[in-house]
Amino acid sequence: MQRIFTIWMFSLLMAGVCSSAMGDNLFVVCHAGVALAATEVRDVFLGEMQFLNTVRLVPVDNIEAEPDFLDKVLRMSAGRYATTWAKKSFRDGINPPAALANDATVLEFIKRTLGGCGYLAVAPPESVTVIAKY
Amino acid sequence: MKRATDKLIALQFLAVVLPIAVVLLVQMAADARRAARLEHSRPLRILASEARANYKTFTNGAADAVDTGSLGAQSVKALQTAAARLTELADHGEGTVVGDAESAVKDLAATLSKGATLSTLISLRPRIIESDTLTKAVDDEFERRDEFVVKDAISSAVYQKRAVTGALIITAILTVLFVLATRRRLKARLEADISAERERRAALETISVRFGVATRAARAGVYELTGDGLDLWWSDTMHELYAQPPQDFRPTMAAWLGFIHPDDRQAAQTAITKAMREHSQLRSQYRIVRPDGSVCHIASLAAVSTDSVDASPRLVGIDLDITDRVEADERERQLQQQLHDASRQAGMAEIATNVLHNVGNVLNSVNISASIVTDRVRKPRSAGLGKVAALLQEQAADLVGFVANDERAKHLPVYLAQLAEHLARDQQVTLTELDLLRKNIDHIKEIVSMQQSYSKLVGVPERLAVANLVDDALRMNAGSFTRHGVNLKCEFEDVPEIVVEKHKVLQILVNLLRNARYACEASGKPDKEVVMRIAKQAAGVQIAVIDNGIGIHPDHMTRIFSHGFTTKKDGHGFGLHSGALAARDLGGALRVHSAGAGQGATFTLDLPFKSPEVIYD
């Protein structure tokens, strides 16, 4: 467990480093039919919003695109993001978003998971709902 | 009416009370059940809540450790407290609900019993989150159960409220229905009562009108006198009877007595006092003097009533104007007296006629005998004897020479012998006539004597043989029957003696025989016959006078005994009437039967063995 957390923290740091090197576009997407507002993306990824109507939202991090996401969307550092989630998990008993390796993995997860939310560095297909584009 | 109303009210009360009582009883049982469940549920929920709260204190402490770097002792203590509460829950028999939470928290508490750094906490985060989930589930479960109990209590209270509301509605509906039913029933009863009351009033009004008309027609006044005599009420007809207008006169006892004739006042007052004192009926008769001086005869009938509210006796009665009746009674009494006198005179005349007739018959014989004796006396044989005596006196000087020589002397013996023979024959005739004369005088004496005996026995019943009685009657009429050629036939049965007033029976029989003789005579038949029959009856004796005379026309049958009715030229219409009355007085009856005109008639006199009210034995 400790190793997973370490990897997660490392991936966050790597995402921050790599984000600047990535492309300019970042797409926040959800499972088809999840009509999430762009302003709600932050709450979803910080554990403040766990349901949209009756659909349980399942946010996932994209290790490759996370630095860009933290910078453009959450506007916080990776450390702050990890700390916030550490407190959140202790206080509210919920786990932080799972960290998936790349766009393809994230896209696949979102397609098959009802309520799945994530972000991609590449333009998503029409089979998912684009919530916001950065 | 009152009983029916009370019953309706009782039913209405039950209708109101019963639903509420049932609801309250059911709700009391439900309340007791809910209280028991709450008493069991609430401590468990508190324990679960405390376990959860302490665990959250611990997780908050863990979150704070992200900033501080280590877990505080308070958080550790809270974690241990949470573990203890979960253990208590398990000890209360809720192990199934507590499940893995107890062991997970206890293990965590044991691991962190001495505090922990952030890295330790991070490493334990899955277990912390899992325990958080478990404690939350336990807390949620007990909260759910407690809320269920509370909700059940609330729903039960709501149900109770609804039930009470329903009961009240039912009660209200039943009340309305009962009120309507009661009202309808009471209305129907009231209408029936009113209708009955109207009918009673109408009937009373009718009775009152009839009573008024009747009392006015009967000239009867109604009065009511209280027991103390101070309060006296008169009806309008009473005022009219006493000629005292109601508006001018207020009746009082003293005034009432003042109207009564002085000769009758004391008796009237005594009768009233006695009736009031003895509560007996009052029947008195008195005269009143009206203001105009006229005297009115009053019959007062009253009775004492005690059915008033205060139970004081009241004398309620009527005063009847019987002046007409009294005057009629007086006139009738006078008429009766006149009739009695006439009857007496008629009877006397009848008897006198009979006596005179019989005596007259005898007197004829007396007259004949007297004439014969007179004739004998008027033609005396002694005249020739005087001539013989004078011749002998003339020849007294030479009586011998005369007898021897005179031629006349030679005829003297023959003459004297013939004279003696004539004198003896005259004496015999005279003696015979005188004897007949004596017998006739005795007969007259007997007739007079019999009449005198009848006169002495008037009104006195006596035991008599019926045949003798009939014989006397026949004897009194025997002369007329013989004179008019009416054959008399007697058919007498042996009958017991009867006790009657002789003269009344004779009066009846003499009348019947005279009528029979008249009927036979008037018929002109050659074979006039009257049958006198005596027969025994079950309760007395029957005497029948049967004639074959002119008979009785059917139209006359109903009036034959009426006073004044007669078919005879010189009749008075009194004989049969008085005969019928006399027969009734004797306890018997006088009847007639005739097949019609020319068919003769049969009069029957039924007499009891003993006349009523006869004391003589």
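In which loop of chain A is A:N53 found? In this predicted model, A:N53 sits in the loop that joins strand 2 (51–52) to strand 3 (55–56) of chain A. The backbone here is worth a look, as the phi angle of A:N53 is near 55 degrees, a positive value in a residue other than glycine. Is A:N53 buried or exposed? A:N53 has 6 other C-beta atoms within 10 Å, and a residue with 12 or fewer such atoms counts as exposed, so A:N53 is exposed.

B:H279 lies in the loop between helix 8 (262–278) and strand 3 (282–289) of chain B. With 14 other C-beta atoms within 10 Å, B:H279 is partly exposed, because that label covers counts between the limit of 12 or fewer for exposed residues and that of 20 or more for buried ones.

We can now turn to where the two chains meet. Here, 11 residues of chain A are in contact with 14 residues of chain B. On the side of chain A that touches chain B, helix 1 (2–19) and helix 4 (78–92) each supply at least two residues. Helix 4 of chain A gives the most to this side, with 6 residues. Sorted by class, the side of chain A that touches chain B holds 5 polar, 4 nonpolar and 2 charged residues.

Technical notes:
Residues numbered from 1 in each chain as written. Chains lettered and ligands numbered in written order. Predicted model: local features only at pLDDT ≥ 70, side-chain atom pairs only at ≥ 80, totals over all residues. Contact = placed C-beta atoms within 7 Å. Helix = DSSP H or I, 4+ residues; strand = E, 2+ residues; numbered from the N terminus. Nonpolar A, V, L, I, M, F, W, Y, C, P; charged D, E, K, R; others polar.
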